[in-house]
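Please look over the sequence and the model before reading the points below.

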2 protein chains.
Amino acid sequence: MASRGGDVVKNKQVKLKGYVKGSPKESDLYVTSESTIELRVPDGSPEGAILVKNLYLSCDSSMRIRTGESQRAEFPTFPLDAPISGFGVAKVLDSKNPEFKVGDLIWGFRIQWEEYSLITKPEGFFKIQHTDVPLSYYARILGMPGVTGHFGFNEICSPKEGEYVFISAASGAVGHIVGQFAKLKGCYVVGSAGSKEKVELLKTKFGFDEAFNYKEEHDLVAALKRFFPKGIDIYFENVGGKMLDEVLLNMRSRGRIAVCGMISQHNLDHPEPVYNLRSVISNRVRIEGFVCFDYFSRYSEFLDAVLPYIKEKKINSLEDVAEGLDSGPAALVGLFSGRNIGKQVVAVAHE
Amino acid sequence: MASRGGDVVKNKQVKLKGYVKGSPKESDLYVTSESTIELRVPDGSPEGAILVKNLYLSCDSSMRIRTGESQRAEFPTFPLDAPISGFGVAKVLDSKNPEFKVGDLIWGFRIQWEEYSLITKPEGFFKIQHTDVPLSYYARILGMPGVTGHFGFNEICSPKEGEYVFISAASGAVGHIVGQFAKLKGCYVVGSAGSKEKVELLKTKFGFDEAFNYKEEHDLVAALKRFFPKGIDIYFENVGGKMLDEVLLNMRSRGRIAVCGMISQHNLDHPEPVYNLRSVISNRVRIEGFVCFDYFSRYSEFLDAVLPYIKEKKINSLEDVAEGLDSGPAALVGLFSGRNIGKQVVAVAHE
């Protein structure tokens with residue numbers, strides 16, 4: 001057998017300095033070029049291993065959980081001696097795996113925040129079949145945020161034409177996609193966001209019927225009553241805490257709350273209290289938490305539903321691209337101060 | 001047309017002195033014999049009117065809501081100049097209604113707390129067809145608590161054999177019925193109650209696998225972990241507040257919480273906080289509130305499911321009977337100090 005050799009190159013990585021308490025700071029992470037990597041699957045690697053060039057990294061608020069010390073099965077703590085990881089898009093440079101050929105593009109979970117990765121057991125990756133849409137779409141509308149929004153809204157919320165839908169963090173990765181699904185279903189859609197610019201964008205670019213800046217509303221109950229005089233049928237929950245508490249008082253009979261995330265609670269040692277759960281009884285409200293991982297087995301069904309909308313330009317998605325791994329820490333941390341508009345992505349390389 | 005005449009009798013009634021704040025006291029209600037009633041449907045009454053003798057009155061914690069001033073559509077405040085009302089069983093003494101004949105027994109909502117009632121528009125009443133079971137069953141297992149327990153557990157909770165079920169206020173009207181439905185489904189069932197006597201009853205009479213006295217458990221989380229080392233699949237919620245908060249930390253993946261009531265919260269001006277809602281995401285928990293009224297249209301389906309169990313003595317229900325209207329105020333108020341064991345009923349007359 002001929003000896004196989006690959007270039008050995010520096011491999012820039014983003015790592016955690018230590019476990020984070022409270023609000024994450026840019027200085028909690030660091031970028032290092034100490035490591036090198038050979039651009040091939042080394043001899044002796046397990047059968048199935050692939051070597052990839054990482055292209056797009058997805059910044060997700062749930063990554064905050066993995067930067068802390070608390071162990072939760074679904075979100076294991078990041079090791080301190082390896083790059084952080086998450087959803088992303090990569091290109092196969094070498095392969096010992098019959099499913100992935102050299103040149104294939106893939107997306108999925110466990111993409112490391114580094115330039116190149118050896119993946120010894122490539123589980124949870126999808127081969128990108130439809131390359132007639134921009135590649136970074138697989139970090140947003142065709143990736144985790146799209147899957148989350150599609151099943152979380154169209155399935156868990158069981159929307160019906162004419163229903164009143166409220167979405168918090170509506171300009172975020174999932175929120176602005178859910179709003180468009182809701183409009184396609186014929187719902188009345190209102191979103192909350194944290195700046196005037198985001199509010200405008202929801203109304204002008206994504207077709208929300210109304211939107212408001214929650215930071216400017218001192219009385220959230222009054223704001224919700226203004227936009228929903230008849231109450232809310234569906235609340236797509238991305239923030240938690242006080243917003244959820246106020247929404248509970250404004251739900252209509254047989255209302256549904258899909259709990260996608262609670263970004264306002266991620267950085268708190270002690271979560272905020274919710275007082276108004278009693279209202280789920282008289283209003284027959286269903287509150288349902290869900291995790292996107294459960295739906296990846298139905299990815300092809302998702303593509304069938306959503307690709308036509310993208311190709312017909314009936315649905316837009318927004319990305320906020322930070323160029324290069326060096327900008328990764330600021331991009332990730334920026335999620336928690338609301339710096340991003342739309343899906344925050346880090347472009348490690350453009351193929 | 002011959003003139004119709006009926007005896008005129010004194011009509012004992014239970015009324016509210018004023019609107020209740022905080023924990024209800026026996027002195028918030030009074031019994032009066034000032035009123036009289038003619039034992040026939042008066043000439044000039046609307047077509048459809050009936051005159052009934054009230055037999056059994058159901059004491060329900062949701063009646064607390066109606067003793068307060070806050071207006072909630074489902075639970076309108078009791079008027080101060082009329083008897084209080086609720087579920088109950090009555091016998092038809094006179095009728096201008098083709099659906100109800102003299103001698104018919106009925107059960108339903110809006111039975112007044114008085115000896116005799118003229119019901120001008122008898123809506124929400126069912127004619128009792130199966131008289132081979134004790135009549136007071138229609139105030140418990142064959143009435144509201146049974147309907148609530150059956151649809152709340154067997155439908156909303158979607159129970160599966162072998163699942164771990166927790167029931168709070170388990171010796172209460174609905175709780176002890178739900179526990180038996182859960183055993184019939186092959187579940188592992190644990191209940192909480194407020195006294196040693198109730199705990200024993202759950203284990204010996206109703207077949208609960210385990211039960212505990214929540215007043216003796218200073219650390220509810222530890223108690224739940226002791227009884228559910230693998231977590232809880234189904235929580236049938238009757239109490240709310242701190243118990244719900246601790247249960248949320250102990251739910252298994254895809255767990256279900258049916259919110260039937262929150263008795264611990266009824267007497268509070270400000271409800272207790274719940275902190276642990278975030279756990280519904282990673283554990284994919286569904287929380288669903290429901291109201292028994294929605295299921296009365298399916299009463300015959302309920303009877304088909306439950307009557308055989310009663311006749312085969314596979315399910316028991318427990319009543320705590322207070323004799324006579326004079327004992328009504330104490331019986332109703334006793335719900336909130338946990339005085340009753342099983343369904344609290346007031347027997348106005350035994351037919």
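A residue is called buried here if 20 or more other C-beta atoms lie within 10 Å of its own, and exposed if 12 or fewer do. By that criterion, buried residues make up 49% of the 351 residues in chain A. The model is a predicted one, and the points that follow should be read with that in mind.

**Chain A as a whole**

- Chain A contains nine helices and 17 strands, and its radius of gyration of 21 Å is close to the 20 Å that the globule rule gives for 351 residues, so chain A is as compact as a globular protein of that length.
- Taken along the principal axes, the box filled by the C-alpha atoms of chain A is roughly 75 × 45 × 35 Å.
- Of the contacts in chain A between residues at least 6 apart in sequence, 67% join residues that are at least 24 apart.

**Helix H4 of chain A**

- In helix H4 of chain A, which spans residues 196-204, the buried residues include A:Lys198, A:Val199, A:Leu201 and A:Leu202; viewed down the axis of H4(A), its buried residues fall within an arc of 160°, so they line one face of the helix.
- The face of H4(A) that is turned away from this buried side carries A:Lys196, A:Glu197 and A:Thr204, which are exposed.
- The partners against which the buried residues of H4(A) pack are helix H3 (175-184), strand E11 (188-193) and strand E12 (210-213), which belong to chain A.

**The contact between the chains**

- The contact draws 27 residues from chain B and 28 residues from chain A, and on the side of chain B that touches chain A, helix H7 (279-282) and strand E15 (286-289) of chain B each supply at least two residues.
- With four residues, E15(B) gives the most to that side of chain B, whose residues divide by class into 13 nonpolar, seven polar and seven charged.
- Strand E15 of chain A (residues 286-289) pairs with E15(B) in the antiparallel sense over three bridges, and B:Glu288 in E15(B) is the bridge partner of A:Arg286.

**Relation of the two copies**

- Chain B is superposed on chain A, with an RMSD of 0.0 Å, by a rotation of 180° with 0.0 Å of shift along its axis, and that is the relation of a two-fold axis.
- The same surface serves both copies, in that 100% of the contact residues of chain B recur in chain A.

Key: Residues numbered from 1 in each chain as written. Chains lettered and ligands numbered in written order. Predicted model: local features only at pLDDT ≥ 70, side-chain atom pairs only at ≥ 80, totals over all residues. Contact = placed C-beta atoms within 7 Å. Nonpolar A, V, L, I, M, F, W, Y, C, P; charged D, E, K, R; others polar. Pairing = 2+ DSSP bridges. Rg over C-alpha atoms; globule rule 2.2 N^0.38 Å. Least-squares fit on C-alpha atoms with pLDDT ≥ 70 in both. Arc of directions from axis to C-beta.
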